[in-house]
Amino acid sequence: MEMLRFCTVGSVDDGKSTLIGRMLYDAKSIFQDQWDAVELASSNRGDEYTDLALLTDGLRAEREQGITIDVAYRYFSTPRRKFIIADTPGHIQYTRNMVTGASTADLALILIDARHGMVEQSRRHAFIASLLGIPHFVVCVNKMDLVDWDEAVFERIRAEFTAFASRFHVADITFIPVSALKGDNVVDRSTNTPWYQGATLLHHLEEVHIASDRNLIDARFPVQYVIRPMSGEHHDYRGYAGTVTGGVMRPGDEVVVLPSGFTTTIEAIDSYDGPVAEAYPPMAVTIRLTDDLDVSRGEMICRPGNRPHASQDVDAMVCWMTDQTALREGAKYVIKQTSRVARALVRDVRYRIDVNTLHRDQQASELQLNEIGRIQFRTTLPLFADEYRRNRGTGSFILIDEQTNSTVGAGMILSTEASS
Amino acid sequence: MSEPSPSLQTYELSHLRQLESESIHIFREVVAEFERPGLLFSGGKDSIVMLRLAEKAFWPGRIPFPVVHVDTGHNFPEVLEFRDRRAEELGLRLIVGSVQQAIDEGRLVDETGPRATRNRLQTPILLETIAQHKIDAAFGGARRDEEKARAKERVYSFRDEFGQWDPKNQRPELWNLYNGRHRQGENIRVFPISNWTELDIWQYIQEEGFEIPSIYLAHERPVFKRDGMLMPVSPFLTPNADEPVFDARVRFRTVGDMTCTAAVASEAATLETVIAEIAATRITERGETRADDRFSEAAMEDRKREGYF
Ligand SMILES: Nc1nc2c(ncn2[C@@H]2O[C@H](COP(=O)(O)OP(=O)(O)O)[C@@H](O)[C@H]2O)c(=O)[nH]1
């Protein structure tokens, strides 16, 4: 069975929780005791209806305040696919948590209330989802029952969203008119929207083609850990363990190890379950090389004719995730990219993006909590990186504050060429 | 230069193999970056799957960390036997933190009464064992589908010097880039199988064909009914006068302390039939079988804040 990870975003009251509840319920993935607990909590609070949001809001503070603070993960499957839902908070204050949920998503499910059309938050969510490189968007125009299933309303929102999305990169957008409350076009096809020829939401989630979203062209193997048993029959064994982060790797392939630049060939690809003929993303395997090289964690195995950029100059979009300090020019952080750890100096804040209007403020010299901007770094070691858009695995990094040990920034690499 | 030639091969991994790869990646990352990891073994099917994943992650080397068991003194004998045998087979060091010993030494006070459980007493012993052995990363077999507080927890769950989880202030966790940095005395709980569901676990056990303790399959045993759950009779749990004991065919869905783990009525004596039952069930495993989570809506969140797994 295939697996699809998607994140859900929407403003407060657009019906996100109702939609997830509806999908889980109709796909028979809500358990009776979960349902009973939600009903009980709902009636204890004096709600008139069973509040499906209680299914996903798992923390005490969230239930008390009636808002989603952090990502909740939900799981369900149909005979075709296993789904992992990252239910992310829509409020601007929790953007960093939305980014956490969006970073691994194959698809973004964006909710829009048919009565209100696109609001500031929809724009922000769409922009962030695109920034995080989510290849597929599904825009659910919800509460269609409240606008008399009017095709014109749906078309207007579709046109508005399409125009907005043309300002950044999205590979694939699908629009679906739904009523989360009544279930129209969620799992079952609606008779209220004869003008809509497309798939229901669940059908789309089951069918959307995600296999080619992975990069199967550029072979990338960041060495994560060196396996050296140094005992018994495996006395001389030296294997490089890691997760294939691009391309297809096979025994016999000529490879180069960065940064040393030594070329050799893949002797074998090992796994507990036996030799591997072809390793591809996201397989975790162990590579043995023909020559006895001394390769360590943080180094990169790739093909001689297809290498990542190796550079100490990094140009990236960064989302800042702490309120304790601001990202400022001259500041230094620990940077972690693949299995490589170095230190990074902020050389230049090129601009800050207003996530609501996409306006670029060239005067900005810092990023505050939840702000996004284009930053130029200089690193102590060269990173072996690709553009994020080409490879999410080798194009992403996190920034860690050395004083607090917190993860303070998320970066998506635009290029690794020195800027003038 | 020869680039890989296009072929008809689709290079797709099944969901179980994707989950497996993700877990292996996490195990390796921790061992590469921490000084003294340890694997918390609960005896449950989840820790058994964890052991297999760890074995795969470092093969042909041995698992490079010890197994830590917080023994409440109320364990299923089948589980202890299994634990010792697996540790021996894998050549693992076994660290046991004993709740019974702490009670005997007067450091902890046992609960009394018919509903006494040692569940809460596990936490201080866990923290003590972690501190004593200077464990900086403790692998746990928790899954996000188990419970709503767990649904919110990161793969790397940062704990302060008191072992506490601060759910409102979790570190952002992006892609597969984990941040394990911490100060002395703090530690990280790591949950490599966060994204697995109960059904995934069972399907994996079946695909891999490995052994699990016999109590997971249907067997005959004396039980009594309490709060609608089938509780096993044991030296540690005696029924009240109004709780008649009867023999039933049962299996366990989760395995924890014998005083708070309930059985489910079942005829499923093989993995295939267990999987069929799980796939059809309408009740979560914790809701059905864990008395400890029924205290309140936020029971798990509260225990985690105190330092629980
Ligand atoms: N009429 C109608 N109401 C809806 C629909 N979807 C959600 N609602 C209502 O909108 C309100 C907010 O929904 P909720 O799911 O809590 O929104 P969230 O904040 O995005 O999670 C609730 O009163 C829902 O019952 C819909 O399709 N039609």
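1. Start with the strands. In chain A, strand 14 (residues 309-320) and strand 20 (residues 372-385) run antiparallel and are joined by ten bridges. Keep in mind as you look around that this is a predicted model.

2. To find your place in that pairing, pick out A:Val314: across from it, in strand 20 of chain A, stands A:Phe377.

3. Strand 20 of chain A has another partner to look at. Strand 17 (residues 340-353) of chain A pairs with strand 20 over eight bridges, again in the antiparallel sense.

4. Now for the ligand. How many residues surround the ligand? There are 16, and the closest are A:Asp13, A:Lys16, A:Ser17, A:Thr18 and A:Asp145. Helix 1 (residues 16-26) of chain A gives the largest share of this shell, with three residues.

5. The side chain of A:Lys143 puts a polar atom 2.9 Å from an oxygen atom of the ligand. From the backbone, an N or O atom of A:Asp14 lies 3.3 Å from a ligand oxygen atom, and a polar backbone atom of A:Leu181 is also 3.3 Å from an oxygen atom of the ligand. As for cover, the ligand taken alone exposes 580 Å², and the protein buries 82% of that.

How values were computed. Residues are numbered from 1 along each chain as its sequence is written. Chains are lettered from A and ligands numbered from 1 in the order in which they are written. This is a predicted model: local features need pLDDT of at least 70, side-chain atom pairs count only at pLDDT 80 or more; totals for chains, interfaces and linings use all residues. Side-chain values use heavy atoms; hydrogens and water are left out. A residue is near a molecule or strand if one of its heavy atoms lies within 4 Å of it. A polar contact is a pair of N or O atoms within 3.5 Å; within protein, one must be able to donate a hydrogen and the other to accept it, and residues adjacent in sequence count only if both atoms are side-chain atoms. Accessible areas come from the Shrake-Rupley method with a 1.4 Å probe; for residues, only the protein chains shown count as cover. Helices (H or I, at least four residues) and strands (E, at least two) are DSSP runs, numbered from the N terminus. Two strands pair if DSSP finds at least two bridges between them.
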